[in-house]
Amino acid sequence: MKHSLSRPQMPRLVLALIASMVGLGVAASDQERARLVVGIMVDGLDNDCLEVLQDRFGEGGIRRLRDKGVVILNADYGTSLDPAAAAALTMSGAEPAVSGIPSAEVYDREKMRAVKIFSDPSFIGNSTNSTYSPKALRVSNLADELRIAAGGVNIVYSIAPDAATAIAMAGHAANGALWLDEKTGNWASSTYYKDFPTSVATRNRVAPLTSRMDTMSWTPSLKGAEYPGLPDHLTHYPFRYVFPRGSADRFNMFLSSPMANNEVTAVAMDLLGNLSLGTHDGTDMLSLSYSLTPYPYTKNADTRVELMDSYIKLDRCLEQLFNTVDKKVGLKNSVIFLAATPPRTTSRRDDEKWGIPHGEFSTRKAISLLNMYLMAKFGNGEYVNAYHNGQFFLNHKLIKDRNLDLREIRSEAAAFLVRMTGVNVARSLDDVISGTATHDRPGLHRNTTIEHAGDVSVEVAPGFEIIDDYNTVPSSTRTPMAERHAATTAMMMIMAPSVEPTVIDTPVDARVLAPTVARILRIRSPNAASAAPLHL
């Protein structure tokens, strides 16, 4: 006998079926949701060095990322950026002209001195006297969007050796941003961020960095002959660096060494355990910053051993980190991405015996000569206020009071500076904004934040060292650093359960990383991420 459904029963069954399907869909969606995102910035990572050292790496660090993730070999940042600006671009998908973050330090025309980009006296420091907030970041980033998507029930932290990079990664809505205070060595934060982990406060009190540095030393991870491609003379004398209490450069020496990467990793693993990251209703996030830049406090001109050792030590840090993530959260439940920053434009100057042409560009001398030239053209007065980070800042008040044309004076200043020994290119701000003088640097316009930009920017010739004697007394322990001209591309890697391993060797705009990761996480892209995401 056949059974039939009456009309009133039909809608009930349909509704029940729909409800069950919706329930299954929600459960499946929740099951597929990443429980943890780990974002890693590495200043100075170079793909060529990875290739040379690949046989020295373990299975669980860099090799794991390269073998199991998407590898972008040529991510284009436009121009060379410092770690803070690169982190802001990577995490937000917006260039400095939009994000408002061109560098960790900018020149303040009103105060007539350099200031920290995130300086904000309206908030006090936590375990530091420095006062910061993310107010200068004009856009949202991945950390913000993750917090918004989860309604704030998730946990988001950033950890970096410096405040600017930590804040650039944390954004506006993170639970906290942690960095090493450059004066005390404590792990610090800002009261802008609501949380400061108890375990980190305990670390500062029970095992402060200042007490541990006395017994720390940086020595090679391998025997000399085990580092590939070295000439014989570099394999016989292992290096050893310490951080003496009496040295004025003690903290800078430490922060420039791979020991700082070890500290970042230790705190990261601390948070993974003590905050139970990856176990909350929303997707948690942990952002880290590392450095692989050449160590500037060496006695030898050839620092290849130190640099390779930094890579090996970082690989071990990453292996520790990934193993901890796998144990506590599961890599199958995690999204991990790594972004290298563009190479620095300086490196240690070659020994005099090689005869490589070199020279010095004194900022004090340049300002003095430029001011004399402008006085001869436009009358007596102090026309140049300052030099900062490759840029000259003119006295706008004087120029306005004299009823002079600012554009004309910028143009005259650029024309004079380019004739100075050691200056390759000089550009007025007007030419940068219009794009008429940036044909050789197509990314310069997008990486220029107008409110922080100088009136004239210069590029020093290869081999020349910038002696910034206008602002500081050069350190007696720091080694000479010469300018080099290098490409502004860098490597990026993304590892996620839903992503098939592949290598992308065509140039990719670095701004695509944030929207691409957002797409993998199924959340909104940051609000200024205008680049289309990669379809992986």
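A: The open sheet has 4 strands in the order S15-S16-S18-S17, and the pairing is antiparallel. Its edge strands are S15 (384-388) and S17 (423-428), each of which pairs on one side only. Direction ignored, neighbouring strands of this sheet are turned by 20° against each other on average. The model is predicted: local features need pLDDT of at least 70, side-chain atom pairs count only at pLDDT 80 or more, and totals for chains, interfaces and linings use all residues. Residues are numbered from 1 along each chain as its sequence is written, and side-chain values use heavy atoms, with hydrogens and water left out. Helices (H or I, at least four residues) and strands (E, at least two) are DSSP runs, numbered from the N terminus. Two strands pair if DSSP finds at least two bridges between them.

Within the sheet, S16 (residues 391-394) and S18 (residues 456-460) run antiparallel and are joined by 2 bridges. Phe-392 stands opposite Val-456 in S18.

Helix H13 (residues 363-378) packs on the sheet and touches S15 and S16; its direction makes about 150° with that of S15. Helix H15 (residues 406-417) lies across S16, S17 and S18 and runs at about 175° to S17. Axes here are lines fitted to C-alpha atoms, for helices over the stretch in contact, and angles run from 0 to 180 degrees between N-to-C directions. Contact means heavy atoms within 4.5 Å.

How do the axes of H13 and H15 cross? They come within 10 Å and cross at roughly 130°, which makes H13 oblique to H15. Angles under 35 degrees count as roughly parallel, over 145 as roughly antiparallel, 65 to 115 as roughly perpendicular and the rest as oblique. On the H13 side, Leu-369, Leu-370, Tyr-373, Leu-374, Lys-377 and Phe-378 meet Glu-408, Ile-409, Glu-412, Ala-413, Phe-416 and Leu-417 of H15. By class, the contact of H13 with H15 has 9 nonpolar, no polar and 3 charged residues. Ala, Val, Leu, Ile, Met, Phe, Trp, Tyr, Cys and Pro count as nonpolar, Asp, Glu, Lys and Arg as charged, and the others, Gly among them, as polar.

The axes of H4 (residues 83-92) and H7 (residues 163-170) come within 8 Å and cross at roughly 5°, which makes H4 roughly parallel to H7. Pro-83, Ala-84, Ala-87, Ala-88 and Met-91 in H4 meet Ala-164, Thr-165, Ala-168 and Met-169 in H7. The residues of this contact divide into 8 nonpolar, 1 polar and no charged. H8 (residues 198-206) and H11 (residues 259-274) pack at an angle of about 140°, with their axes 9 Å apart, so H8 is oblique to H11. The H8 residues Ser-199, Val-200 and Arg-203 meet Glu-263, Ala-266, Val-267, Asp-270, Leu-271 and Asn-274 in H11.

Elsewhere, strand S8 (residues 187-190) is joined by 2 bridges to S5 (residues 125-126), antiparallel, with Asn-126 as the bridge partner of Ser-189. S7 (residues 176-180) also pairs with S8 in the antiparallel sense over 2 bridges, and there Trp-179 is the bridge partner of Ala-188.
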